[in-house]
Amino acid sequence: MDTIKEVLILGGYGAYVWPAFATWAAVMGWMAVSTLRRLRISEATLDKLQAARGPRRGAGGPDAGQGEAGP
Amino acid sequence: MIHFLANPARFMRIGQAVLPWCWAVAGLCIGTGLWFALIVSPADYQQGESVRIMYIHVPSAWMALGVYTLIAVVSAMALVWKHPLAFLIGRAAAPLGAGFTVICLITGSLWGQTSWGTWWVWDARLTSVLVLFFLYLGYMALGAAFDDADRGNRAAALLALVGAVNVPIIKFSVDWWSTLHQPASVLRVGGPSIHPSMLTPLLLMAVGFIAYFLALLILRVRAEIAQRKVQAAMMVGATAPGMQTHET
């Protein structure tokens, strides 16, 4: 119990150190969550759009010209 | 090399191969770095336990500067060579860079209170980092402010290039002006002045931050490419003869 208290107090600096680490964890977590959310939404929208349009023959697609023959 | 990676399909293929390694390095380095930072490394003889904030503050500051430099470089590439992927990388990196700047500012404020007895002071280093944060916000806002995505991208790229002047100002502000913020103790002429017991976790965290950023950047670029395909497909759909006949 005393050890936990010591870790929390951290030589009198716990009130500054732990909020700093909490902020860091929160922002890093937000970066990952917002990235994954954005990716999921974008790819789901694209999948839906492509499914609605059906298979295309001979079309280059939206990123035509950006394939392996690109710069 | 730049032209080789400017191809979105090739970039994504390489990105997908690199992605698991980025996650692995990020997890390993940040995990080990935290262990060293919070448990193994000693308290500072002057700052006491508050020095532990350094292990997240300093790598965040490096990332804030590094990511902005990356955005400025890809913006120049986008404007000069018209690489569409360069715009996408800039757009994908900006929120992450802004996130690192927020961490840097908040943890710096907390550390400042323990070291200087104040949360904030308008000295050159702190003010120029705050300006960097506003540059990130401006870059993102400008990129999203136009109906024409290309115009928005170009305007944001120009802002990124103009704002790049702030990067050396941040780096050398502690040398050029009398600031409350301490001078560089790691990236300095003559080598680091910090003890290896503190330098090791600091560098581990820095490598972990870079790997974490790269992993998220790859995913964000993938999202941007998907978004671009959606926009292109919708434009094609809106102008297709069949669609117009159907609507009229």
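Reader: Where do I start with confidence?

Author: Start with the scores, since this is a predicted model. It scores ipTM 0.87 and pTM 0.86. Chain B averages a pLDDT of 88, and 91% of its residues score at least 70.

Reader: Which elements of chain B have the lowest and the highest mean pLDDT?

Author: Here's the general idea: where pLDDT is low, the predicted coordinates should not be read in detail. In chain B, the lowest mean belongs to helix H9 (residues 241–247), at 45, and the highest to helix H3 (residues 54–81), at 95. Over residues 242–248 of chain B, pLDDT stays under 50, and the model has two contacts for that stretch beyond four places in sequence.

Reader: OK, and what is chain A made of?

Author: Two helices and zero strands. Of the 71 residues in chain A, 18% are buried. Just after H1(A) you'll find Leu10(A), with a positive phi of about 50 degrees.

Reader: How many residues of each chain are in contact with the other?

Author: There are 32 from chain A and 36 from chain B. On chain A's side, that's 19 nonpolar, nine polar and four charged residues.

Reader: At what angle do H2(A) and H4(B) pack?

Author: About 175 degrees, with the axes of helix H2(A) (residues 14–53) and helix H4(B) (residues 84–115) 9 Å apart. Angles over 145 degrees count as roughly antiparallel, so H2(A) is roughly antiparallel to H4(B). The residues in this contact split into 14 nonpolar, six polar and no charged. From H2(A) they include Trp24(A), Val27(A) and Trp30(A), and from H4(B) they include Val102(B), Ile103(B) and Ile106(B).

Reader: And how do I read the core? Which residues have the most contacts inside the largest one?

Author: As a general idea, nonpolar side chains tend to be buried together in soluble globular proteins. In this model, the largest nonpolar core has 78 residues, and those with the most contacts inside it are Ala64(B), Val67(B), Ile71(B), Met205(B) and Tyr212(B). Several helices each supply at least two of its residues, among them H2 of chain A and H3 and H4 of chain B. The largest share, 18 residues, comes from H8(B).

Reader: What is Ile71(B) in contact with, leaving aside its neighbours within four places in sequence?

Author: Its partners are Gly90(B), Ala93(B), Ala94(B), Gly97(B), Tyr139(B) and Ala160(B).

Terms used: Residues numbered from 1 in each chain as written. Chains lettered and ligands numbered in written order. Predicted model: local features only at pLDDT ≥ 70, side-chain atom pairs only at ≥ 80, totals over all residues. Contact = placed C-beta atoms within 7 Å. Nonpolar A, V, L, I, M, F, W, Y, C, P; charged D, E, K, R; others polar. Helix = DSSP H or I, 4+ residues; strand = E, 2+ residues; numbered from the N terminus. Buried ≥ 20, exposed ≤ 12 C-beta atoms within 10 Å, placed from the backbone. Axes fitted to C-alpha atoms, helices over the stretch in contact; angles between N-to-C directions. Parallel < 35°, antiparallel > 145°, perpendicular 65-115°, else oblique. pLDDT = per-residue confidence, 0-100. Core = buried A, V, L, I, M, F, W, Y, C linked by C-beta atoms within 7 Å.
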